[in-house]
Amino acid sequence: MEKYSSSPIPLVEDAPNKKQTVCIFGTGDFGRSLGQKMMQCGYSIVFGSRNPQDSSLIPPGATVLPHAEAAEMSDIIILAIHRTCYNFLETLKEMLSGKVLVDVSNNLKINQYPQTNAEYLAQLIPESKVVKAFNSVSAWALQSGALDASRQVFVCGNDSKSKEKVMDIVRSLGLTPLDKGSLLATKEIEDYPLQLFPMWKYPIYLSLAISAFFFFYSVIRDIVYNYVVKNKDFSFFIAISIPNRVCPIVALILLALVYLPGIFAAILQLYRGTKYRRFPDWLDKWMLCRKQLGLVALAFAFLHVLYTLVIPIRYYVRWRLNSYVLQQAFNNKTDPFNTVQGWISDSYVALGILGFFLFVLLGITSLPSVSNSVNWREFRFVQSYLGYLTLVLCTAHTLVYGGKRFLHVRSYPWGLPAAYILSLIIPCIVLVIKFVLILPCIDRPLTAIRQGWERKPKHVCEPYNNLSRSSV
Amino acid sequence: MEKYSSSPIPLVEDAPNKKQTVCIFGTGDFGRSLGQKMMQCGYSIVFGSRNPQDSSLIPPGATVLPHAEAAEMSDIIILAIHRTCYNFLETLKEMLSGKVLVDVSNNLKINQYPQTNAEYLAQLIPESKVVKAFNSVSAWALQSGALDASRQVFVCGNDSKSKEKVMDIVRSLGLTPLDKGSLLATKEIEDYPLQLFPMWKYPIYLSLAISAFFFFYSVIRDIVYNYVVKNKDFSFFIAISIPNRVCPIVALILLALVYLPGIFAAILQLYRGTKYRRFPDWLDKWMLCRKQLGLVALAFAFLHVLYTLVIPIRYYVRWRLNSYVLQQAFNNKTDPFNTVQGWISDSYVALGILGFFLFVLLGITSLPSVSNSVNWREFRFVQSYLGYLTLVLCTAHTLVYGGKRFLHVRSYPWGLPAAYILSLIIPCIVLVIKFVLILPCIDRPLTAIRQGWERKPKHVCEPYNNLSRSSV
Amino acid sequence: MEKYSSSPIPLVEDAPNKKQTVCIFGTGDFGRSLGQKMMQCGYSIVFGSRNPQDSSLIPPGATVLPHAEAAEMSDIIILAIHRTCYNFLETLKEMLSGKVLVDVSNNLKINQYPQTNAEYLAQLIPESKVVKAFNSVSAWALQSGALDASRQVFVCGNDSKSKEKVMDIVRSLGLTPLDKGSLLATKEIEDYPLQLFPMWKYPIYLSLAISAFFFFYSVIRDIVYNYVVKNKDFSFFIAISIPNRVCPIVALILLALVYLPGIFAAILQLYRGTKYRRFPDWLDKWMLCRKQLGLVALAFAFLHVLYTLVIPIRYYVRWRLNSYVLQQAFNNKTDPFNTVQGWISDSYVALGILGFFLFVLLGITSLPSVSNSVNWREFRFVQSYLGYLTLVLCTAHTLVYGGKRFLHVRSYPWGLPAAYILSLIIPCIVLVIKFVLILPCIDRPLTAIRQGWERKPKHVCEPYNNLSRSSV
């Protein structure tokens, strides 16, 4: 087991003098799991329980005592009980005075109580040193050792000595403590394990809504139309052809939506003449989920690439190409090579490849460990310049793709324009306005506003406007 | 050189008063390399040596003195000597008392000694403050500045002031200290540099064994059979056709093996009626390398995608398609389009694309920096729900792929079933049992067991069973 | 807004007693942005200004006072003013004594002053405790909350208590403090935000130069030659065909250039007989940007893969394949299958796939979070063994690709060899020399040199040459 175990400290049965005694209040699932794990890592555990006789589930080797007696055994008391039971701790007030109380509790939903659990505890027993920790760790993970997920344990507390003691326990369990400062951070820490991708919700819902719209639009335009008007069954288009039409459209629209709020912000700042007024709430929210929007767009672009690359191995495509060749063979003629079509076909594919390449690059720089290793100037270079270049390439890819079929009459069944034409609206608007914004006559006042400059500067020397980090 | 150097602190020749003197015992390769690097970063180095006269290899600028005299020059003594030589330090006992002894040593194999080197040192010179550090850094990396690999230096020690001093040295060399707590962590730290992907060993061996089996199975079934029975030479199938048959099979089996131990665990828990008894050792080990199994599976799936996408540019495939068209041309007939085959072909490709897409998503969330930024609930959502969805899609992909050829007689040369049929066994078993396990009548007791609940709860309030983090 | 905000601490208007007062000198853009953000996070802000009456731009809720009065209000003073204005602080010398001065300043270019700003400040007001922080944070990011980029804030200072206070402020703003040690680190910290991918400059310029050469070489050889000699217009080759020739060439050459400096270093060490002499400057620089060279090579390889996979959906390729089939149809004959060509076609594609697969694996292990989680031995295994295997596979891929056309006369228009032949020169040299270097008779002395061994070892025990981490 040893070489597979990710727990750094093995059982130190042979070093009894090293054992530190820690008290755990509560013999519920989490208390028992934590106690068992700590005992494996060389701690001596005393459980505090209301019914110390009924210790059937207690891990072997641990002691179970009434709360008051258990509390006397250790300077560190881990409270593995619900917030609703905290009030009984008041009866032990003087006994807990000066001790480290480790609050591991979570609530069932965000903002359940006005005060965080740890703050409530600190107010109940003001003489104790409350440290918040372990709340993002799962009992299951502790028991099974399946700590593939984050090994980070957020720790916060107002007393730095107590915090250090708890961080040592965290480390000895093979986990990584992350000091989040004072108890002010408990709000964040207690909300953390309850979240389920909060920043991703709107981008994903939005992408699903756009996908659904364009999916049904294409079904009507390509399958229903052909079935009703031409009596042909193209229902199998649902598997690949239509998804491969929907994916690039969603990717392009979402990519444009990444850059649209920046455009709005610039216009608003130009109109207001200052950057010190807050943006409307919807714009703030939008700007905060741009990264997620971009990554969802990348996912759709990736699907588009896969759907496109399998085209030649599809039975339908092979059959169509074969029919085309056989038709020429039976008619005893060869279609001549059309250089213009060669140009269009190759350049629209090449634009798509370059756009996707830059898009992947943007995605890689969004990885936390990569974006942490670039500075602000580098991040802006990648996300702003390369990002706009990606948008330009992808829009051009769609335009050249359309170039072939824009004017065909059969492109408008039932008067419906092709879906890709609709998808070009937002990207083109974004690119046109951005082009206007970077004209020198508009860029100059905007840059000035973003650097916080005033038209009649009074302070010659004092204001600190660092050029290298002021603009968007 | 400056702007390429990754060392943060340049030579501070002009600030002699800032130079701190550090003593290094031992003039071997590591001692000299570390000394040279520290001198470049502004430290003054005194080497302690048994033969101080023979200082030919000492970096210029450093002093070499006998051990006792060298030890007097500094509060921090870095021991760049082998553990087997530590006993001579006992002769310097009173001189080393109160000083920081930095143990940088490694052993040649894991578990070479019952005690770690640093613990042995701390026991030899109990009055000193032993700090373990630098043991994962390579002499070559220090010299060449080629620190592309990890810049992390694990530091541990019982005295936090001494640890802080050593961490300052680590930082000033451009490395990142990582506080691992007390000397209890030395076991982990000393084992660390000796490992060579310990968690990856079994998954990789297993994947190679499965690959080898299916490779030879396919060679017999496709090449040998055709050569012996039909006298056709398909030996070139070894390059692409057979690998493209083996890769998806291995990927699918490994992916199913990721979820099989969870199934076993659930059955065991249901049978035992408790989660507080330890799993058998093999199940524990299996559960701990699920992430690695999944990533190896992803690697094979990635190869399968590449092998599949190059199909249309292979000479053999082009020749076969051409022959098929020419045959129709010579017979003066066109095979009509088969809608059912269009559906099968497109849907099996589409299922594969979606499965691969989710698989890549799972792989990305396995990156350390990504998995560190999601909480337990989000990690479970991705790895459990999306993981099972991936398995369902990939199994369906294989089933629909097989749909076309399942009943052909020529699909069973020498009575051997196609390899993909064999590959479906484990995934189908996993999915069927999982389906049974999520039936409400079975899921309910299982969830209760996993939350540590008892049938007759006695403690109404105390036990802390947090719903948001109890189940698998 | 709450659930979208990434700031951990909400407005704590209801906890006025928790508010700590912090003083900010300077009402420029950065000062105001930081002040506003800190007020949102529960701090009380006093601005120190030369013109306290002119407080039009001050965020509402903050106080503005003359410098001396403002400084009295708080123990922590954030200096959001330019270095050039620091000298006025001397007039407040006794008032600032003992206080924490936070230097947030950046310069406009690297090495603008001999002394860093923070060191200059510490020298001006020696009785104060100078802490460097916040200089890598952008005013825009603070205001908009758009902290997608790095949330890391480098903090350094000589007084650890003061540093801890500043790190608490950093944490409470939702940012991650990174302790960089003493003020010696200010050089690195102040240079950091001014960099724009310094390590990437040469690899990218080099790759662009090689790309441009081979692009024009191929344009002449394929487009101009065909136009002049055969009067055929292949200008559309510029979009895909020629990039797909340039990309693999650049990727292969850059990959070989990753391993060339190691070869040079080995030869130099063998020639000198020691590893303790410094490499020439150009070799040092080269070795330090090997990772970047490799990643640029991977980018070109990725483009090559995309360009290759779209081949079958290009109009030109489809037309050419159709012509070929039609020609056979009109001549009423079928070209027989050529097993040798089947072997060559499949094996060169298979080699390319395996090479690219290993290349992607190398790229993934270069991600900071992945390379931080492997030890030196594992890193060397991947980057050295797998790296050379990648180079061997990619070189073999090119050789087998060429095998088909090496001896055709039409392969040398105007006597120009195909570009891929030129691209093979460096990789073959690297592989041949590396093969010589791993011959036992040469490897043995080289390994000895790299472990710092001498021919006549005098110290039997002392030198610490750890085998597990000495060689390249």
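Contact here means heavy atoms within 4.5 Å. The structure is a predicted model, in which local features need pLDDT of at least 70 and side-chain atom pairs count only at pLDDT 80 or more, while totals for chains, interfaces and linings use all residues. Residues are numbered from 1 along each chain as its sequence is written, chains are lettered from A and ligands numbered from 1 in the order in which they are written, and side-chain values use heavy atoms, with hydrogens and water left out.

Chain A holds 18 helices and eight strands. Helices (H or I, at least four residues) and strands (E, at least two) are DSSP runs, numbered from the N terminus. Of its 472 residues, 56% count as buried. Buried means under 20% relative accessible area, exposed over 50%, and partly exposed in between (1.4 Å probe, protein chains only). Among contacts in chain A between residues at least 6 apart in sequence, 70% join residues at least 24 apart. One pair illustrates separation along the chain. A:A185 and A:F154 are 31 residues apart in sequence, and their C-alpha atoms are 9.5 Å apart in space. A:A185 sits in the loop between β8 (176–179) and α7 (186–191) of chain A. Its relative accessible area is 4%, so A:A185 is buried.

The interface of chain A with chain B was treated next. The size of an interface is often given as the accessible area lost when the parts come together. Chain A and chain B bury about 7,900 Å² between them, with 64% of it on carbon and sulfur atoms. This buried area is the accessible area (1.4 Å probe) that two parts lose on being put together, summed over both. Chain A brings 86 residues to the contact and chain B brings 88 residues. Two salt bridges are found across the interface of chain A and chain B. A salt bridge is a side-chain nitrogen of Lys or Arg within 4 Å of a carboxyl oxygen of Asp or Glu. The side chains of A:R171 and B:D179 form a salt bridge, at 3.8 Å from N to O. Across the interface of chain A and chain B, 12 residue pairs are in polar contact, both residues at pLDDT 80 or more. A polar contact is a pair of N or O atoms within 3.5 Å; within protein, one must be able to donate a hydrogen and the other to accept it, and residues adjacent in sequence count only if both atoms are side-chain atoms.

Several elements give two or more residues to the side of chain A that touches chain B, among them α1 (29–40), β2 (44–49), α6 (160–172) and α11 (290–309) of chain A. The largest share, nine residues, comes from α12(A). By class, this side of chain A divides into 47 nonpolar, 26 polar and 13 charged residues. Ala, Val, Leu, Ile, Met, Phe, Trp, Tyr, Cys and Pro count as nonpolar, Asp, Glu, Lys and Arg as charged, and the others, Gly among them, as polar.

Chain C also meets chain B. About 7,900 Å² is buried between chain C and chain B, and carbon and sulfur atoms give 64% of this area. The contact takes 88 residues from chain C and 87 residues from chain B. Two salt bridges are counted between chain C and chain B. C:D346 pairs with B:R314 in a salt bridge, with the closest N and O atoms 2.7 Å apart. Polar contact joins 12 residue pairs between chain C and chain B, both residues at pLDDT 80 or more. Elements giving two or more residues to this side of chain C include α7 (186–191), α8 (201–229), α10 (281–288) and α15 (376–403) of chain C. The most, 15 residues, come from α13(C). The side of chain C that touches chain B has 41 nonpolar, 25 polar and 22 charged residues.

A:N375 lies in the loop between α14 and α15 (376–403) of chain A. A:N375 is buried, at a relative accessible area of 2%. A polar atom of its side chain lies 2.8 Å from the backbone nitrogen of A:E378. Leaving aside neighbours within four places in sequence, A:N375 is in contact with C:Y192, C:P193, C:L194 and C:Q195. C:N375 lies in the loop between α14 and α15 of chain C. C:N375 counts as buried, at 2% relative accessibility. C:N375 touches B:Y192, B:P193, B:L194 and B:Q195, not counting residues up to four places away in sequence.
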